[in-house]
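Subject: The model we talked about

Hi,

Here is the structure I promised to send over. Please have it open while you read, and my notes follow below.

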Amino acid sequence: MKSKVKAILSDIRLYWKIPPSGRYMSFKEIASLSVGGIGVKFIVYCISQMIIAVGNTLIGNTIGIDPSALYVIYIISVLSGFPLTALRAKMIDNTRSMKGKYRPYIITMGIPTVILGAGFIWMPYENMTLFTKCATVLAFNIGFQFFYNFYTDAYDSLINVLSPNSIERSDVLSVKSVIENLSPSIANIFLPLVARLITGQDTLYDLKIYRVLFPPMLIVGFIISLLVYVNTEEKIVQAKTHVIQIKFTDAFRAIARNKYFWIISLAGWLGFLEGSFNSILGWMYNYQHACTAGQYSIIIAIAGNASFWNNIVAPFVIRKYGKKKILVFTNVLNVFFILLMLPIVRMTGSPYIIWLLLGCTFVNQFITSLGHLLNPSVNADIRDYQQYITGERIDGMFAAVGLIGNVITLATGFVLPALYESSGLNRNVALSLGYDGSNVYDVLYNQEYFIRISSVLVIASVAGAILNAIPFFFYDLTETRQKAMVRVLKIRALFEDYFNGVLSDEALVEAVDIIREAKEYVDRTPVSTDNIKAKNKAAKKQLKSIKENNEKTEIAKIVMHELNQYETEYGAAKLKRAKALVSAGINGYLDSFTMTKSDAKSMPKNTEQEKERRREALMQIANIKAARKATQKYYPNGVTEFDSSVFEKLFSAEDEAQAELHNTIIALKAAKEGGDKSTVLKLKTEMKKLRFRQAKIKEEIKKATNDNSIYYRATKPFIDAKKTISQSESYKHFEEIEKLYDEAKASIDAKEAEKLAAVGK
């Protein structure tokens, strides 16, 4: 045991700043992402309770907005999010920063989120009419739609670009989830106790409680979250010379081909009622007084701890069973354990009833949280698949296309308010029970109505859970296939960079190793493991070895299919079509393309290859149509080729200006501390010039971006054809690249030895 602990500590020390072999994240990076996540989750804990939803207790029960009015402002809030989400997506996908695609938004979106959160909770709702309350809550939520959603999206999506290794992402997500969830656990434990001290009552529905607790939690959370910004580094598998310019319609057409995106999205859209039961535990404490404040703190702590154990076992379970089996299994069991709540809530009023409900809730969360833990990793795999099939990283546009889900939510969102209303949570019932009707949730003090409403919510949750489980049966993106896709992306990036003369030693060595291994395993036949019983150490070792070799064989076939694609009948035909387009020239290719949509639809679709050909033909026709429209609008006198080298010059100038500004700020700080007023004045003047220079460069980048975007839309089919030809030619030069391997490997080994020596010191 001591030797294992010693080995772990040694690894942490050795790989604190550099990742282990085959991995992409150092222990320092993992620790910063996880501990910084505690801060992020403090902010999420606070703000999520301010987001408009029909079952929101802070807005409904505490502020006093009834479900019907809440549904109206919910609709307006969701509609306001459409343009804001599209803007967010465009900003993410077209971000060009030395700090990365997501990291800068931890600060730039975190600050306004904290300010909005503190402002929301301190508004004088007690003196407002219902209309004023609704208007105020709505105004803040429109702000949350942009800033808060941007902030959480940046943090949650960061793991997608910190490592291209799916297993590593799952491991890190498990560690991160254990650590970051300390914040809501701490908040839930102390909230009832602090509430009792502040109000003298066993209730959580008093604004004083949140005004005391939330502002400090928001500020402290933001400070802790800065660890994520400071100590992480984004890593996207892409050619250095690749410049992304995405239009929403182009992104939508690209994502339309991503079946895994639609499977996961459909699961969420169909399961909109699954979480309906979540309010019942809190209602039982606040309205039926089923336990004391101290007991409720324990209950919340136990319920919140349910997911802790899953976070620990998740990496091992994922390796053994894979994501699909876990997603299907957990969602099916979820149906059963939600259904168990029905007889429990009908026993309300009996002693210890809340503890029975806790037991059911704990088991439910214990099982389902394992599936929920996979969501970030699954979404990361889906984005890898998107890049694999289209060649583009359009992470932000997934959120924009996901707005379709908001439209569906608007259509289904009336169901829960209607259930509340029909089951008795309305003003008429409140008046009939002797309440003044100002807060319809007073109905829940009545045991009969409490049981009726809670039972309806449990049944609704069961229906939602069943619908949520169905799409996961169609998810078939395995861990092995994801590994193969990432390796293909690395190969594509290698040849693109080689073609453009910017190849790095690390990329060369890694890609050559991938190709060499693929050539070694491609002709092997997978070995069946059905008859191997892992009863002893030797058998387990044999089974593990066979599985590893089978995986390498499967990956090899995908890698070699990529390299040899232009030698197949399908690839040769694709290359021939590409050459025909390019030979027609940039101003003639549109006229040379004569295929119609009806021609494409009449193509055979009996085999998977035929289906892919048909899909590509339809996509190309859509691209040709968009290109014709753009050409007519922007290039009536003929298309002029865009010089993309302008980006390299502008980006270098931007980096240089940023570095100069950073050095000037440091020098200014030193001058202030030394009391050198003349130098301070001089440096302030220099800073103004540098900021003006930065602004001018950004304007030039924006103009170049717009020009390139227009050119891209007008010539996309032509550009894609050139890429196909270029790729087919570059894949023939592997032997030339392989000759550089030994020198590059020696260079990397020398750098690695230098790093390890530095760590050893």
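A word on terms before the residues: buried means under 20% relative accessible area, exposed means over 50%, and partly exposed is anything in between, with a 1.4 Å probe and protein chains only. By that scale Leu370 is buried, because its relative accessible area is 10%.

Two housekeeping notes. This is a predicted model, so local features need pLDDT of at least 70 and side-chain atom pairs count only at pLDDT 80 or more, while totals for chains, interfaces and linings use all residues. Residues are numbered from 1 along each chain as its sequence is written, and side-chain values use heavy atoms, with hydrogens and water left out.

**Contacts between residues apart in sequence**

Back to Leu370, which lies in helix α18 (residues 353-390). Helices here are DSSP runs (H or I, at least four residues), as strands are (E, at least two), and they are numbered from the N terminus. Leu370 and Val313 are 57 residues apart in sequence, and their C-alpha atoms are 8.9 Å apart in space.

Ser454 sits in helix α23 and is buried, at 0% relative accessibility. From Ser454 to Phe277 the C-alpha to C-alpha distance is 7.3 Å, although 177 residues separate them in sequence.

Leu575, in helix α27 (residues 569-583), is buried as well, with a relative accessible area of 13%. Leu575 and Ala721 are 7.9 Å apart, C-alpha to C-alpha, and 146 residues apart in sequence.

Pro604 is in a loop, the one between α29 (597-601) and α30 (608-634). Pro604 and Arg614 are 10 residues apart in sequence, with 7.5 Å between their C-alpha atoms.

**A helix pair**

Two packed helices are described by the angle between their axes and the distance between the axes. For helix α6 (residues 110-121) and helix α7 (residues 130-162), the axes come within 9 Å and cross at roughly 155°. Those axes are lines fitted to C-alpha atoms, for helices over the stretch in contact, and the angles run from 0 to 180 degrees between N-to-C directions.

**Salt bridges**

Side chains of opposite charge can pair when their charged atoms come close. The structure holds 20 salt bridges, each being a side-chain nitrogen of Lys or Arg within 4 Å of a carboxyl oxygen of Asp or Glu. Three of them may be worth a look on your screen:

- Asp707 and Lys703: the closest N and O atoms are 3.0 Å apart. Both residues lie in helix α32 (residues 677-730), 4 residues apart, or about one turn of the helix. Asp707 is partly exposed at 30% relative accessibility, whereas Lys703 is exposed at 54%.
- Lys716 and Asp720: the closest N and O atoms are 2.7 Å apart. About one helical turn separates Lys716 and Asp720, because they are 4 residues apart in helix α32. Lys716 is buried, with a relative accessible area of 18%, and Asp720 is partly exposed at 25%.
- Asp749 and Lys745: the N to O distance is 3.1 Å. They are 4 residues apart in helix α34 (residues 741-760), so about one helical turn lies between them. Asp749 is partly exposed at 38% relative accessibility, and Lys745 is partly exposed at 29%.

Salt bridges with shared partners also join Arg487, Glu517 and Lys552 into one network.

Most residues other than glycine have a negative phi, and most peptide bonds are trans. His289 is not a glycine, yet its phi is positive, at about 50°. You will find His289 in the loop between α13 (280-286) and α14 (293-304).

Happy browsing, and do write back with questions!

Best wishes
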